[in-house]
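Hi everyone, thanks for coming. Please have a look at the screen, and I'll walk you through what we have.

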Amino acid sequence: MGGLVLSFFLGTGVFLSAAEYTWTGGGADSHFTTAANWGGNNLFIVHATFGLTQNNNSAAITAILPEGAYAQTNGFDITNGTITVAGKLDSIRTSSGSFNGFWMRGNSTITLLPTAEFTFLNRNGGTDTSAQLTMAGGNNTVNKYDTSSLGFDNMFISTYDCSGGVHNVVNHYAGGISANAIRLGTYSTNFTAEPSQYNLYGGTVSATQMWIQYDTIPQKESIRQHGRGELNVYGGEFTVGTLSGGQSVSNSVTYYGDINVRLNETSGFGTFAVTGDSDYNGNVNVTMDSPVLTLSPTILETPLVNFAGNVSADMQLMSNSSLITFSEDNKTARLNPAKNVTPDGGYTVGTALSFGEAATEGYLSINASGDPYLLSLLTTEFNSEADMALFVDWLNESVENYSFSATGLSSLQIDTFAANTDAVFLWDFTGYASGVGVLGIASQQVPEPHTWILALLGIALYWGRYYAKSRVCIG
């Protein structure tokens, strides 16, 4: 057993230290309940209905299945627990009445690392499509980094029992998840708490039906309007058949659910689509998370939000940037073609381009560059170096992946864009008080490091020969 390495905050000022256990595989079988597989520690026991539970739920534990190891389980029913999977793990449903999936009753985390191979199997060795994720209680998190495709019947994200949780999170980075139903909310009247979240950073999600902030427990009509939920799509594709919910009421106050499609530097952009009818009456936001972004050119042709069927007249489709435009029927959001400063073709690195008038926000297609390059923007002129310095500081504070420097009262340089394929460069300076605009753009290619090395070797060789020749002449 390792040392005490993790702490869980229970919301009451009490911290539980988590003892860490790593799979050793020393048992006669590969099951989680075999103590010898955990160095002789009996961590898990079989629950009659819900698969494996911790032997002592009052103790916080971290169980690690390392890369290269193989194990079997019968679903999880955990409290104050952390399961980290880097190896291959089969969750096998052993009988028709048994549970397969994750039942998280509070203060628990399940992480599937990129090297993990996680599979749901039924008792006959086939794929089990009736697996379930139930995030009950509060402070539960699922992190999915692996490329596996998991199928769920239901995903209850803070919606089911244990007196109702106030904040549970799914962070989905890779691979696929399909579900018959996803219920995203908080089975709680504590509406001032943070909403439960599904955060999609990459991969795909496909759900036949989804409820946000409304139908938390379908069999309990008296509390149908309890709960707060938020869906954030940073990358990947999130597709839903039918969508419901969006508003909830507590103490005569209406709380609105949020679906956020976010344009960002880390993941790029994601898409959200509803293929059937929707009575969702909350907010759908398309947000630009940074005043400067470089995104894949697929954004030029891709609807960021698309409702194929009927929609509620109360649904609010919004954006924080005029770079995003909406269809007249309030069903589709995409990049605004009126903001394209190169509508007749892309921009070629190593050339200069001037606009007819200053653009406080806009975008252009940049053709592929074989070398890294520096990009320069010609802006409307500032009154002083101090004013330009304030603008540059604002950019450097607001943009993560690029560094900005002033090259005059009306120009600035961005360091450094990597050699890449075609890209779309976007800017939106409307959030800056002075209303600065862009009048043009220019770039300069920067040789790859090996090119610099060859050039320096050439210079050294030249000077070496020159020096040798000089010695001969002098002698």
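How much accessible surface does the chain have, and what percentage belongs to carbon and sulfur atoms? The accessible surface comes to about 20,700 Å², with 51% belonging to carbon and sulfur atoms; such areas come from the Shrake-Rupley method with a 1.4 Å probe, and for residues only the protein chains shown count as cover.

A quick note on the source: this is a predicted model, where local features need pLDDT of at least 70 and side-chain atom pairs count only at pLDDT 80 or more, while totals for chains, interfaces and linings use all residues. Residues are numbered from 1 along each chain as its sequence is written, and side-chain values use heavy atoms, with hydrogens and water left out.

Now the overall picture. The chain has two helices and 38 strands, meaning DSSP runs numbered from the N terminus (helices: H or I, at least four residues; strands: E, at least two). Of its 475 residues, 50% are buried, that is, under 20% relative accessible area with a 1.4 Å probe, protein chains only.

Let's go inside. In soluble globular proteins, nonpolar side chains tend to be buried together. Here the largest nonpolar core has 74 residues, and Y198 and F238 touch the most other members. A core is a set of buried Ala, Val, Leu, Ile, Met, Phe, Trp, Tyr and Cys residues joined through side-chain atoms within 4.5 Å. A second, separate core of 28 residues includes Y402 and F417.

A search of the whole structure finds one cavity of 30 Å³ or more, with about 90 Å³ of space in the largest cavity. On a 1 Å grid over the protein atoms alone, a cavity is a set of points where a 1.4 Å probe fits but cannot get out; a pocket is an open set with protein on both sides within 12 Å along at least five of seven lines; lining residues have an atom within 4 Å of a point. Grid points are joined across faces, edges and corners, and a volume is the space filled by probe spheres set on the points.

Which strand gives the cavity lining its largest share? Strand 15 does, with three residues. Among the lining residues are F152, M155 and K144.

Finally, the largest pocket holds about 170 Å³ of space. Y402 and F417, which we met in the second core, are among the residues that line this pocket. Strand 27 and strand 36 each supply at least two lining residues.
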